[in-house]
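Here are a few notes from my pass through the model. Have it open beside you as you read.

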Amino acid sequence: MKHRAFRPATILGTAALLLLAHLPQAHAEGSDNPVARGHYVADASDCSACHTVKGGPPFAGGMAFKLPMGSIYSSNITPDPTHGIGAWSEAEFARAVREGVRRDGTSLYPAMPFPSYARISDSDMHALYVYFMKGVQPVARATPAADIPWPLSMRWPMSVWKTVFAPAVQSAQQDVNRPFPDPAIARGAYLVEGPGHCGACHSPRGLALQEKALSGSAGTLFLSGGAPIDGFVPTSLRQDRRTGLASWSEDDIVAFLSTGRNRKGESFGGMTNAIVHGTQHLTPEDLHAMARYLLTLGPSHPAAPAWHYDPAAAAELQRGDATARGARLYVDHCAACHRTDGKGYAPVFPPLAGNPVIMSDQPDSLVHVVQSGAALPGTARAPSAFVMPAYGRMLSPQQIADVVTFIRAAWGNNAPPVDAATVAELQKSAPPPVLDGKPVPLN
Amino acid sequence: MNAGKTDAIIIGAGWAGAILAKELTEAGLSVTVLERGDDRATAVEGDYPGSIDELRGAIRHRLFQNLSQTTVTIRNTIGQVAVPYRRLAAFLPGEGVGGAGLHWSGVHFRVAPDDLALRSNVIARYGRNFIPEGMNLQDYDVTYEELEPFFDKAEKVFGTSGEPHTIKGKIAGKGNTFAPDRSDAFPLPAMKDVYSASLFKTAAANVGYHPYSLPAANASAPYTNPYGAQMGPCNFCGYCSGYDCYMYSKASPNVNILPALRQDPKFTLITKAHVLKVNLDSDRKKATGVTYLDLRTNRQVSLDADLVIISAFQFHNVHLMLLSGIGRPYDPIANTGTVGRNFVYQTITTSRAWLPSTHYTNLFVGAGGAGVAIDDFNSMNFDHGPLGFVGGSPVWVNQAGAKPIAAAIGGPGGKAPTWGEGYKDAMVETYRHSLTIDAHGSNMAYRDVYLDLDPTYTDAYAQPLLRMTFTWKDNDIRMNQYVVSRIEPIMKEMGATRYSLAKLETGELFDTRRYQTTHLGGGAVMGADPKTSAVNRYLQSWDVPNVFVIGASAFPQGMGYNPTGMVAALAYWSAYHIRTIYLKNPGPMVQA
């Protein structure tokens with residue numbers, strides 16, 4: 001992967017090349033304009049996914065995050081001087097983004113991924129500031145106050161949390177500058193660990209909800225899969241053979257981040273927001289860099305057996321034998337699109353055979369997609385939207401458990417069965433049925 | 001209320017409207033599409049399994065025109081009083097985004113080149129006297145070679161499955177030997193032949209005909225078109241005609257064009273906008289925009305534009321021209337005027353063969369566009385001299401999936417009882433072991449078959465209804481009878497235990513109560529002579545040159561083939577010349 005910014009470095013020594021590689025810059029294609037560059041950094045950082053409410057003015061905030069102790073709301077980050085950040089200096093802005101400290105000195109909740117944003121380079125931070133001051137329309141709308149009751153509403157414990165768990169900016173920036181095999185991988189690591197804040201969902205968190213690892217240098221827990229978010233389980237992005245990205249090529253990852261779909265699967269849940277608001281806007285060079293970096297992350301479960309396609313389930317169905325648990329339900333409700341061989345018709349209908357989402361120990365994502373359906377919106381590079389219907393309308397928890405068990409067992413997936421009680425429990429956290437969401441994807 | 005100005009207004013969000021909207025936004029124009037029905041999406045209309053609820057779907061006409069608001073009146077002959085078409089039966093115009101392109105089957109033909117210059121070809125081969133008195137046989141004033149790039153483009157957008165015969169003059173497959181040469185392959189391989197179609201293929205070849213797999217805009221594999229729009233593959237569920245395909249496999253404006261168009265900031269779609277008329281300036285030589293009724297608020301809205309594209313369903317195009325005063329209305333007595341002239345249809349009869357009980361045709365299986373056809377009796381592919389008629393029919397097994405209610409209403413056929421145990425036994429036999437063979441033929445234009453404004457009936461918006469004066473004519477009945485007689489050897493060769501041959505009867509009148517086909521045509525035909533055509537070869541109004549009228553309304557004759565492929569190619573052809581000629585120098589592109 002060639003990186004145009006590094007081309008002059010070819011005449012320098014390796015050490016100098018690596019040094020240059022560690023001065024990452026967002027490069028909106030062919031743009032020296034800091035507003036355009038800042039816009040690109042905002043896309044790479046997925047800012048609008050949280051700070052823009054669907055259908056509302058850009059970056060006016062107000063999106064609710066429902067936590068066990070109450071709701072918090074994303075801030076108005078438009079340049080409105082009263083309700084937004086228009087009166088903030090660049091230093092104050094950078095401190096908030098990297099350290100989670102508001103202008104008044106109080107702490108942000110770590111729903112804001114400042115432990116990752118601590119890695120954002122000075123030049124990207126400057127561009128980001130210029131963009132929010134000059135490239136965004138001011139909106140005079142107050143951010144709703146968090147409705148968390150006292151004493152949990154006190155923000156000072158957050159300072160303690162940060163001291164313990166959030167990286168000092170200096171050490172985060174040093175980690176960005178660790179050596180990499182080549183500049184593209186360095187660039188990919190910067191995007192994944194920093195602005196892209198992939199670990200916020202895809203890394204496991206500790207008791208205090210801190211990410212257990214914030215970069216590839218911190219061990220194999222980084223991006224090894226996270227806890228359920230809105231009911232969906234973020235998968236491992238490491239080279240885990242059954243539950244990670246071991247079977248995805250560089251091009252598969254690029255296609256997924258660019259369009260939400262590839263020959264291996266389709267996006268659902270929160271990842272769709274990350275793609276729609278964020279990664280689809282990145283240049284192919286940056287997407288390849290991210291993919292190349294992800295491919296360097298070794299498995300977190302190296303002992304797990306590889307997935308191999310097992311033709312037995314398909315052979316049974318194709319000779320009319322639907323006696324296996326859930327097989328008849330699968331034929332009646334799923335096979336038209338996903339086929340009796342489980343291979344689907346990618347990229348329109350994703351394969352179920354060998355799909356890391358399905359082989360996860362936690363059946364949450366699969367159960368939710370079956371009962372609530374899923375909508376893949378169009379992106380600029382793949383304008384077609386696709387919708388899977390919500391089968392919770394017509395299948396009982398027992399039936400969903402049966403069909404999910406079939407899917408998890410068939411074609412070599414060999415994942416454990418699911419019982420009706422688990423499905424019934426998961427129904428409590430189920431996303432709304434797909435067509436209840438507005439707007440409905442038009443296609 | 002005036003809603004301002006846009007560069008181009010497009011009336012109707014079906015295939016023609018979507019194609020013109022895509023092309024004109026690509027050319028940099030701001031485009032507003034006005035659609036009187038609802039917006040439609042596979043997510044909703046194709047929401048499985050409700051999407052294949054036959055009662056709500058084809059039986060209660062979910063995707064079709066609401067006749068309680070506006071319809072047509074119909075009579076067979078001049079002198080009769082026409083009465084409104086109050087129940088959808090003989091033909092099924094669509095309504096809503098996608099139009100008839102959402103509920104169609106998907107048979108996706110090009111054109112038989114001879115049909116484009118049928119008058120010239122008939123005269124050259126059989127002499128002027130071969131044309132019966134009163135038949136308005138005409139040429140399109142465009143050649144297949146001119147249209148070929150646009151057929152090719154349309155197939156790539158539609159994701160059409162098919163097998164070629166020749167590409168650039170070289171044999172490239174086992175496709176239709178009568179098909180004209182192609183510049184490129186189909187984007188997808190042909191759909192698989194269902195069992196009944198494969199039997200027909202073998203039998204037709206054995207009796208000396210030239211069978212081929214139908215070109216179908218039902219995807220035989222996953223597909224991404226040049227606009228980036230994606231399709232899933234067809235699973236032969238049989239819910240094509242009358243339905244929104246829940247597999248995203250049947251091409252539609254909604255699946256194949258609108259996903260890209262909806263991302264374009266230059267594109268605006270206004271639904272529930274019923275266009276009342278195209279507004280003309282005082283000398284009626286220029287359109288200034290349109291007036292539409294906002295069906296949500298019941299308020300009239302005028303919208304200005306430099307260019308107006310009329311691209312609704314065939315007879316709506318003619319209706320709107322008549323209501324707006326674009327061109328001169330056709331008068332069959334004086335034989336003057338062009339708008340409403342050459343109103344045409346198609347002849348279609350369905351014959352049935354029953355096979356031994358060891359042969360399962362399973363009529364519930366199928367795909368709307370798939371099947372096997374022969375062209376031996378279509379167009380000018382056979383000698384009409386001793387037969388004494390003009391026109392022809394492809395013949396095919398197009399097993400499109402017989403839905404349970406429709407199959408039960410259609411009955412078991414033959415001499416079976418119409419109720420009771422005998423009916424049920426026969427129904428089972430027919431559903432499992434029979435197949436149908438259609439003669440899907442041409443319909444010529446006649447001086448006394450036409451469209452005009454009804455003098456009596458008005459629609460819900462107080463505008464006169466369109467009146468159809470239509471019946472079958474001897475030339476077309478004899479053509480149908482001849483072609484059906486050629487099916488009989490195939491029936492015997494297939495080993496049918498019994499068969500019934502259906503054909504138009506001599507003197508038979510058009511009956512609106514029975515489904516024929518929705519392939520209506522003409523009424524605003526293209527041609528070289530402004531005395532006999534309403535639009536020129538670029539589908540530009542001869543009379544109001546900033547109005548283009550796109551659709552099957554441009555066909556001078558009803559052809560044997562299904563019309564959508566030709567409509568799409570004409571839409572791309574017209575759009576190309578609007579982009580390359582008209583926009584640079586607005587005005588008549590052909591001097592009258």
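**Notes on strands and domains**

1. Seven bridges hold strand 11 (residues 273–280) of chain B against strand 12 (residues 287–294) of chain B, and the two run antiparallel. Keep in mind that this is a predicted model.

2. Now the open sheet in chain B: six strands, ordered 7-16-17-18-15-21, with antiparallel pairing. Strand 7 (212–213) and strand 21 (498–500) of chain B are the edge strands; each has a single partner strand, so one side of each lacks a neighbour in the sheet.

3. Within that sheet, strand 15 (residues 347–354) of chain B pairs with strand 18 (residues 434–441) of chain B over eight bridges, in the antiparallel sense. B:W354 faces B:S434 of strand 18 of chain B across the pair.

4. On annotation, an unreviewed UniProt entry assigns "domain: Glucose-methanol-choline oxidoreductase N-terminal" to residues 229–345 of chain B. In the model, the span 229–345 of chain B is 16% helix and 31% strand, and its end C-alpha atoms are 33 Å apart.

5. Over in chain A, how is the chain divided? The assignment gives domain 1 (12–143) and domain 2 (312–436). Taken over C-alpha atoms, the centres of domain 1 of chain A and domain 2 of chain A are separated by 38 Å.

Note on methods
Residues are numbered from 1 along each chain as its sequence is written. Chains are lettered from A and ligands numbered from 1 in the order in which they are written. This is a predicted model: local features need pLDDT of at least 70, side-chain atom pairs count only at pLDDT 80 or more; totals for chains, interfaces and linings use all residues. Two strands pair if DSSP finds at least two bridges between them. Helices (H or I, at least four residues) and strands (E, at least two) are DSSP runs, numbered from the N terminus. Domain bounds come from an automatic or database domain assignment. UniProt positions are given in the numbering used here, feature names are shortened, and annotations may be inferred rather than shown by experiment.
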